[in-house]
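The sequence and structure are shown here for reference.

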Amino acid sequence: MTHILAIDQGTTSSRAILFDADLRPVASAQEEFPQHYPASGWVEHDPADLWATTAATARAAIERAGLGVGAVSAIGITNQRETTLLWDRASGQPLHNAIVWQDRRTAPICESLRAAGHAALITERTGLLLDPYFSGTKLKWLLDTIPGARARAAKGELAFGTVDSWLIWNLTGGKVHATDATNASRTLLYDIGANRWDPDICALLDIPMALLPEVRDCADDFGTTRPDLFGREIPILGVAGDQQAAAMGQACFQPGMMKSTYGTGCFALLNTGADRVPSTNRLLTTIASRLNGKTSYALEGSIFIAGAVVQWLRDGLKIIRSAPETQPLAESADPSQEVILVPAFTGLGAPYWRPECRGAIFGLTRNSGPAELARAALESVGYQTRDLLEAMRADWATAAGGVLRVDGGMVASDWTMQFLADILGAPVDRPVVTETTALGAAWLAGYRAGLYPGPEQFARTWALERRFVPAMGGAERDARYARWTRAVSATVAASE
């Protein structure tokens, strides 16, 4: 038993990666599944798809490794956060499609709670903003909408969970209804200071607490798999939400360490250690990890559009055929042009939280072309990241001047990472292993199993592939960022 199976259940696909005793990936499998959009602003997944693709990719990864299931010591799970499921405890059947984190249908519920003066209490207890993004109002909507659901929930007949809980339930054959502290901290129902479900908020949303899963540490016992799934029982020993798992995979265990993951969007986490830092700049305060009963906190900022801006260049404007083409285009752009792209295609995320905003381009001339648009698109990711770091520094002075560790698909672009370092005025570190989300889940399970070292020793195994050092002068950096902030102000004003 020298290997760990990491399950990475994401928004558009499920993946499984098998890691060896040295934390090296040796085999993987990935499978996409359909997205469902039943109404404007609504996003759903079929719970059966989440489970079927997870089981299939887990089996495929083990098979591709050619080692046999006997080599698998434990399973670690990481997952898309906030996505909400409700199912029957007796049959295991979902009562509704999963409501995805991107879904905005509960905006009226949030507005009603805000108008009634409850926003401050919710933020104080949970560290989150009152927004449809989180699970609590999604669960309320399900209970309000499905006939008889609330009465059945009060009797203990139903179970609520984020995706990790749904997978644990199915992997264990319904024996374990549990989540970890990081996923619980994203529900809008969890008091992150007291480390417990909050009865006042549950009462406010009319959510019976009998619905809720047990909250465990990130490296903990989450039961064993049904023997028929893989040919033998395998313990599930690690669970964390995807962004927290990525932070652990990046070994960001010490206060002041930061990571940023660049996928479709971008999520930046700043470890604040034992300090639960309340944000005055519209960031989120969340649980970074809970290990051996000890909780570490983080400030988090989310950008809605990062890699998606490159997809727009490809699929919308059709000026590139593949993502790697953006780098030579950006390098060839006219340096005298000052084109700014604000990619608010689905609104602006942190620290603005303006869902009504839409994208805008500033500084176009007759000579602006694909090269200038490609450069502006890549630069927009750097500018938005600086927005997050400026807010983090304002909330917590310890964040000033720190190194940013990066992962995700966009970090393959050297040009983008250099601009990121330039506009931040801080070093940007790209690791050797960029599958940091799955790596974090694997480490949690392996740590619990005794196969992998503890946080301090694991941090020493983190390996740098390349450090990008700022090369832009301070005056130019400030001038460029000032142009960006003016463009964002104009974009916000245009939406009002």
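## A salt bridge across the chain

In this predicted model, Arg-483 has a relative accessibility of 22% and therefore counts as partly exposed. The side chain of Arg-483 meets that of Glu-338 in a salt bridge, with a distance of 3.6 Å from N to O. This pair links distant parts of the chain, since Arg-483 belongs to helix 17 (residues 474-494), whereas Glu-338 sits in the loop between helix 12 (326-331) and strand 18 (340-342), 145 residues apart. Glu-338 is likewise partly exposed, at a relative accessible area of 46%.

## Other salt bridges

A salt bridge also joins Arg-430 to Asp-414, whose closest N and O atoms are 2.9 Å apart. Because Arg-430 lies in strand 21 (residues 428-431) and Asp-414 in helix 14 (residues 414-424), the pair ties together parts that are 16 residues apart in sequence. Arg-430 is buried at 8% relative accessibility, while Asp-414, at 27%, is partly exposed.

Within helix 4 (residues 135-145), Lys-140 and Asp-144 are 4 residues apart, and so are separated by about one helical turn; they form a salt bridge in which the closest N and O atoms are 3.3 Å apart. The count of salt bridges comes to 37, and a network of them links Arg-81, Glu-82, Arg-186, Asp-242 and Glu-300.

## The surroundings of Thr-285

Thr-285, located in strand 16 (residues 284-291), is buried, with 4% relative accessibility. A polar atom of the Thr-285 side chain lies 2.6 Å from the backbone oxygen of Val-277. Beyond its neighbours within four places in sequence, Thr-285 is in contact with residues including Thr-126, Leu-128, Ile-192, Pro-278 and Leu-299.

Note on methods:
Residues are numbered from 1 along each chain as its sequence is written. This is a predicted model: local features need pLDDT of at least 70, side-chain atom pairs count only at pLDDT 80 or more; totals for chains, interfaces and linings use all residues. Side-chain values use heavy atoms; hydrogens and water are left out. Helices (H or I, at least four residues) and strands (E, at least two) are DSSP runs, numbered from the N terminus. Buried means under 20% relative accessible area, exposed over 50%, partly exposed in between (1.4 Å probe, protein chains only). A polar contact is a pair of N or O atoms within 3.5 Å; within protein, one must be able to donate a hydrogen and the other to accept it, and residues adjacent in sequence count only if both atoms are side-chain atoms. Contact means heavy atoms within 4.5 Å. A salt bridge is a side-chain nitrogen of Lys or Arg within 4 Å of a carboxyl oxygen of Asp or Glu.
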